[in-house]
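Here is a friendly walk through one model, from single residues out to the whole chain. Please keep the viewer open as you read.

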Amino acid sequence: MSDKVNRRDLVGQLARGAVILGFGGAAGYLAQKANGQIVWQVDGAKCINSRLGEVGVEACSLCTTECVVLQSAVRAVNDFSKCGRCSICPAYFNIKSAVDSNGLPSEKRCPRDAITRKPIGVVDPQDPANNYYEYVIDEEKCDGCGKCVMDCKEPMGLGSIRLKVRHNLCVACNRCAISTACPKGAVERLTVSKALNFGRTNEAPR
Ligand code: SF4
Ligand code: SF4
Ligand code: SF4
């Protein structure tokens, strides 16, 4: 067994303890955790998966594979204020898959089935372009693989889904293993107050 796996086992136990605090408690956890402390966060403008212009390439999954926590501390987060609620969301559907009997792509994009699609209001089957849906990510399933993020960005989507380090799951390594591996230098240290502001913009429910 590799050193990395051993380290993952150890920090995985710590992280499981942190999970008990609950996903919704991230802001409180951060506030308790530090006065002036710094935390790690993904800069969406640099990450391959959300960076504009980075198209025609495979989604980068290093946030999943490099984090020392067993199920990475990075999650996909949908900013509802930016989401177009598209009928055929390229982050939800594999839009290259065969069309089914309802006229929808037959496969989903997420390998962990972590995204749910709920209609908003009454669905009019005669007017599919004017039906709208809410896309909600189940963070207990998501492991931050980045596939949905890559396909949400322009030109296919509106770029409402981003990767975020969840601080109630992160064990705040002195040197984040993802930041070392990231080819774009996209995992950065922020002050807690900046991270909290960042969180408010991107995590508020509708
Ligand atoms: S390693 Fe860097 S480029 Fe890759 S998904 Fe993570 S933040 Fe994005
Ligand atoms: S990041 Fe990967 S696991 Fe998470 S919701 Fe998106 S496609 Fe699914
Ligand atoms: S600091 Fe980086 S590698 Fe360590 S747990 Fe947090 S996200 Fe994972």
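Arg 51 counts as partly exposed, at 32% relative accessibility; here buried means under 20% relative accessible area, exposed over 50%, and partly exposed in between, with a 1.4 Å probe and protein chains only. You will find Arg 51 in the loop between β1 and α3. Helices (H or I, at least four residues) and strands (E, at least two) are DSSP runs, numbered from the N terminus. Leaving aside neighbours within four places in sequence, Arg 51 is in contact with Gly 44, Ala 45, Lys 46, Lys 153 and Lys 184, where contact means heavy atoms within 4.5 Å.

Before going further, a word on the ground rules: this is a predicted model, in which local features need pLDDT of at least 70 and side-chain atom pairs count only at pLDDT 80 or more, while totals for chains, interfaces and linings use all residues. Residues are numbered from 1 along each chain as its sequence is written, chains are lettered from A and ligands numbered from 1 in the order in which they are written, and side-chain values use heavy atoms, with hydrogens and water left out.

Val 55 sits in the loop between β1 (38-42) and α3 (62-66). With a relative accessible area of 46%, Val 55 is partly exposed. Apart from neighbours within four places in sequence, Val 55 is in contact with Lys 153, Glu 154 and Pro 155.

| Pair | Separation in sequence | C-alpha distance |
|---|---|---|
| Arg 51 and Gly 159 | 108 residues | 9.0 Å |
| Val 55 and Lys 153 | 98 residues | 9.0 Å |

Now for the ligands. A residue is near a molecule if one of its heavy atoms lies within 4 Å of it. Around ligand 1 are Val 42, Cys 47, Ile 48, Asn 49, Cys 60, Leu 62, Cys 63, Leu 163, Ile 178, Cys 182, Ala 186 and Val 187. That shell divides into eleven nonpolar, one polar and no charged residues; Ala, Val, Leu, Ile, Met, Phe, Trp, Tyr, Cys and Pro count as nonpolar, Asp, Glu, Lys and Arg as charged, and the others, Gly among them, as polar. Ligand 2 has 13 residues around it, of which Cys 110, Cys 142, Cys 145, Gly 146 and Cys 148 come nearest. By class, this second shell has nine nonpolar, two polar and two charged residues. Cys 145 counts as buried, at 14% relative accessibility.

What about disulfides? The count is zero, taking a disulfide as a pair of cysteine sulfur atoms within 2.5 Å. For Cys 86, the closest cysteine sulfur is in Cys 89, 5.9 Å away and too far for a bond. Cys 86 is partly exposed, at 29% relative accessibility.

The largest nonpolar core has 36 residues, and Val 42, Ala 76, Tyr 135, Cys 148, Ile 161, Leu 163 and Ile 178 touch the most other members. β1, β2 (74-78), β4 (132-137), α4 (147-152) and β5 (161-165) each supply at least two residues of this core. A nonpolar core is a set of buried Ala, Val, Leu, Ile, Met, Phe, Trp, Tyr and Cys residues joined through side-chain atoms within 4.5 Å. Beyond its neighbours within four places in sequence, Ile 161 has contacts that include Ala 76, Ile 137 and Cys 148.

Finally, the whole protein: it has six helices and six strands, running α-α-β-α-β-β-β-α-β-α-β-α from the N terminus. Of its 206 residues, 42% count as buried.
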